[in-house]
Amino acid sequence: MRNVAPLTLTPPWRAIGNIVLFVASLSIVVPLLLVVATSLKPPIEIHGGLPWPQSPTGGNYVEVFDKIPLGLYFWNSAATTALRVGGQLVIALLAAYAFARFEFRGRDVLFALTLGAMMLPHSLTFLPTYLMISWLGWFDSWWGLIVPNLAAPVGVFLLRQHMLAFPRDLLDSAAIDGAGPWRALWLVILPNIQPAMAAIAILLFIDCWNEYFWPLVITESEHAMTVQIGIRRFLDAERGDDLGALMAGVVLVSLPAMAVFLWFQRRILETFVSAGLKG
Amino acid sequence: MSASIALPAAATLARPRARRRAGNLLPWLLLSPLLLLLAAFTYWPLLHTIYLSVVDVRLFQPDRFVGLDNFTGLFRSPSFAAASWNTVIYIALSLPLKVLLPIPIAVFVWCAGARMASLHRSILFVPTLLSFVVVSIVWIWMLNPVMGMVQSGLRPLGLQMPALLSDAATAIHAIIGISAWKVIGFNALLYLAGLASIPRELIESMRLDGASDWRITRSLLLPLLSPTIYFVAITSVLFTVQQVFTPINIMTGGGPSNATTNLFYLAYEMAFESFNIGFASATALLLFVGLGALAALKAWLLGRRVHYA
Amino acid sequence: MTVTPITTLGRRAALGASLSTLALPALAQSRTEISFWHYQTANTQALREVLAGFHEAHPEVRVTDVPKDVGTIATEVQAAALARRPPDVGQMLARLTVGLVRNAGAVPLDSGEDRGAFLNNVLPRFREVGIVDGRPFAVPHSFGTPLLYWNKAIFAAAGLDPERAPANWDEVVAMGVQIRERTGRFALFISQGGRDVSQQQMMVNAGATMLSPDLTRATFATPGAIAAMQLWQDMAVTHRIHSTLSEREQNTLWLGGQIGMFVGSVASFQGFLRDTAGRFEFGVAHYPLWKDLPRRVPNSGSALMVFSQNAPRRAAAFKLLAYLMRPEVTSRWSWTSGYLPLAPNPLADASLREYLEREPRWRIPVAQMADTVITARWPGNRVVEIQIVLENMVQALMQGTGPASTLVPRAEAEVTRIIAESR
């Protein structure tokens, strides 16, 4: 991004712009601050007057682990997300390489089918997938959460874009050195595509961590439920005096994605720009 | 392996855009996991849904072909009419919020000073990081008319907020608003990425010509953003109905009185609450056809107005 | 054919014999494992205490209990049966038993060794709910009856006698209006935990019968039932004494002492004792009468059904049921969970008599057992859809979409249509 604004707006628009942005930011920030504030309130203050706690306490953060097996849910989410995203990256990398670096019969059709899969809404596929997973005995298990989603067409698409834009001389020199396509992938492409992989990994991570519909369908016991299902069940069980703990749970469930974002902030936005979403 | 070394080197020199000719199996090997997964978990279920919509699945007995009975039974169900109508409303009202509203936001951020722009970009991305579960819980609590945060703010002023989520007239709008709240920031960032590539010189020369802000926007920014707008519009049409599943499930369960259900939610309910597999599959299929038609229509309408740089 | 030396054979045989003796103790210790799906989320602890007793009595069986949600358990059992992995024992809503027999492969309870002898431990009037086509497929387990709970503090604040609850629905409305006018609070919350329970209770109490005797038509749109549903609408729309907030929010408000009266099952009693302690004192009264009709409430409740398709597991499941139906077990379960006692002569049990001394409010539901009638059991394979029709009917009434005289007959026609189209 440039250091100076590319376009300076004339006065009425500038003021309007500032107001619009201010309102938009407020509408996002205020509810979230209220959530954090409530999570720090002791039980007496929960339904009391002021939005912020008079005597803040971390008690809710401890209590939420007593009310629901949040640790177990975190473990399920962390493990299934790590395995799933890892699998998605490997599979997408291999597929993107195949699409980008080779010519073979049917390549374009298969790529179109891959993109088509990205556009297919869940509604069409969830029921037979559920029946299939049940039949395989993977209902209510990590497998059921991981395997159906291992194909990540968006990852294939983005990685292929990056590979197509790869500087040719690097690859050609590898070829001249006698490296076959497989080794070219490992030695040349992989080291250089890491920023894009990292960005895609983050997006896939957020997608997986925040997923609700599929875990709702496929899990039924605590041993497989993810944090999103867990916190939703807490909402149902909550009786009004647990609001502080509920808000603490909400904060905890959101922390991983926030942390990951803060760490890799620039990278995500860069990848979007360079992947050429201009079309 | 040795034979293939000489060939690529020669090919590179001869044709700058040469790719490796694969008479071998390698690309297929590389693609096989993806293709297997897509076949098993995307395309086979697609076909299976079509099959399930025309049969009656019975326990301990083979499936029985029933033709269009599932569809006609579905049409007679009162929930279907409500769900269909609501689907149209969800899409129609979400589009301006999700496609158009982020445009001025993106432009304003783009024109803000560097530090402010960076701050705004981060804030705008936050709702994307939060899960829809979290967003639904937060807004349930915000909008509760007795004990919620908004009401706590209004009570000292002597006002009473309406029960937005329990009133059939307003519930769907509340959910549309909440889902827009979650998505607007992300779409604005997409537009921002599109704006980032516009060369300053172009703008400066237009300024020198005396162009007003509006003129610049209309003749320069919008056309250059049009591919992104197109993309956002198509994906909004296809995915809005699916995105609102979580708020519906958590906040209203499709009610009150079918006010917030839609065809995707109905398919889920038919499958996992009523356990009517035939109806669920028929609903899913109809939704797919409807969305496909809508997306194609939109693509055709907008496609003619997209400029590719 | 090789001739094996006898010595080698002998050694092999000896080895085999000694190995098998090693295996025998292992076999003796192997237990039959069965799964028990239930929706006792409020009373899981009490249920597990009962199961602990069962494990002591029957060490050769191990029961894994899986708590589920009352709204989805029927669907999940059907899905599981379709995927060939049904639970061995399931606690199902009693009014879905007919549908589940057809759609989930339920097993007749008199097909075990004891020919269903344990069924004699259940009050005959309650036993009827499990009989389908003349055979018993379900045994009652957790039966409740609807009661009126009232918040004494709110009554006092509204100028009403805190010790006197409304006796009939007209009084409910009158007192409710007074509560709203004097205290500004919502006066009533009719709990709708099971989709179609509360409206059935209200309509049957007003004289209607839900189904025709041959189970082919819905028959609940009688003038009395329509008037009762109209009253419900008036409470929400005209008098504004019944909130339209979600079940979850209203529960929170009731427990927080913000609603005057709660109409719901006796099953909530134990939970209320825990959750309202220190906040407010509540009274327990009979389900309000409708005009001058005698009280007639369908019993709401669950029944246990067996779905195992595998003989050893089925035998183990029958053992579990026999244990659960022992009079001392049902009596103890009753007063620890709040459900009605099921044994033919419950007061014979000392622990139950003792409990009634300690908790006199519980005499009300026990006395109301005499006023219960069997709950309507929806036939066919689309039982949940039928429940949803009734659920939507009440939601539409509360939203004021139309008068009861339109909505109730329409729902009746819809249910009849679904039954006709069902298998």
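A residue counts as buried if 20 or more other C-beta atoms lie within 10 Å of its own. The exercises below apply to a predicted model.

**Exercise 1. Describe the fold of chain A: what are its elements, and what percentage of its residues count as buried?**

Step 1. Count the elements. Chain A has 13 helices and one strand.
Step 2. The order along the sequence is α-α-α-β-α-α-α-α-α-α-α-α-α-α.
Step 3. Apply the burial criterion. Of 279 residues in chain A, 42% are buried.
Step 4. Check the contact range. Take contacts in chain A between residues at least 6 apart in sequence; 75% of them join residues at least 24 apart.

**Exercise 2. Characterise the side of chain A that touches chain B. Which helix gives the largest share?**

Step 1. Count both sides. The contact involves 76 residues of chain A and 86 residues of chain B.
Step 2. Find the main contributor. Helix 1 (residues 11-39) of chain A supplies twelve residues, the largest share of the chain A side.
Step 3. Sort by class. The chain A side holds 53 nonpolar, 18 polar and five charged residues.
Step 4. Note the confidence for the complex. The predictor gives an ipTM of 0.87 and a pTM of 0.86.

**Exercise 3. Locate where confidence in chain C is lowest and where it is highest.**

Step 1. Start with the average. Mean pLDDT of chain C is 86, with 93% of its residues at 70 or more.
Step 2. Helix 1 (residues 6-29) of chain C is lowest, at a mean of 40. Helix 9 (residues 223-238) of chain C is highest, at 96.
Step 3. Inspect the start of the chain. Over residues 1-28 of chain C, pLDDT stays under 50, and the model has one contact beyond four places in sequence for them.

**Exercise 4. Determine how helix 16 and helix 17 of chain C are oriented to each other.**

Step 1. Take the geometry. Helix 16 (residues 383-399) and helix 17 (residues 404-421) of chain C pack at about 170°, with axes 10 Å apart.
Step 2. Apply the cut-off. Angles over 145 degrees count as roughly antiparallel. Helix 16 and helix 17 of chain C are therefore roughly antiparallel.
Step 3. List partners. Helix 16 of chain C contributes residues including Ile386(C) and Leu390(C), and helix 17 of chain C residues including Leu407(C) and Val415(C).
Step 4. Sort by class. This contact has twelve nonpolar, no polar and two charged residues.

Terms used:
Residues are numbered from 1 along each chain as its sequence is written. Chains are lettered from A and ligands numbered from 1 in the order in which they are written. This is a predicted model: local features need pLDDT of at least 70, side-chain atom pairs count only at pLDDT 80 or more; totals for chains, interfaces and linings use all residues. Helices (H or I, at least four residues) and strands (E, at least two) are DSSP runs, numbered from the N terminus. A residue is buried if 20 or more other C-beta atoms lie within 10 Å of its own, exposed if 12 or fewer, and partly exposed in between; C-beta atoms are placed from the backbone. Two residues are in contact if their C-beta atoms, placed from the backbone, lie within 7 Å. pLDDT is the predictor's confidence in each residue, from 0 to 100. Ala, Val, Leu, Ile, Met, Phe, Trp, Tyr, Cys and Pro count as nonpolar, Asp, Glu, Lys and Arg as charged, and the others, Gly among them, as polar. Axes are lines fitted to C-alpha atoms, for helices over the stretch in contact, and angles run from 0 to 180 degrees between N-to-C directions. Angles under 35 degrees count as roughly parallel, over 145 as roughly antiparallel, 65 to 115 as roughly perpendicular and the rest as oblique.
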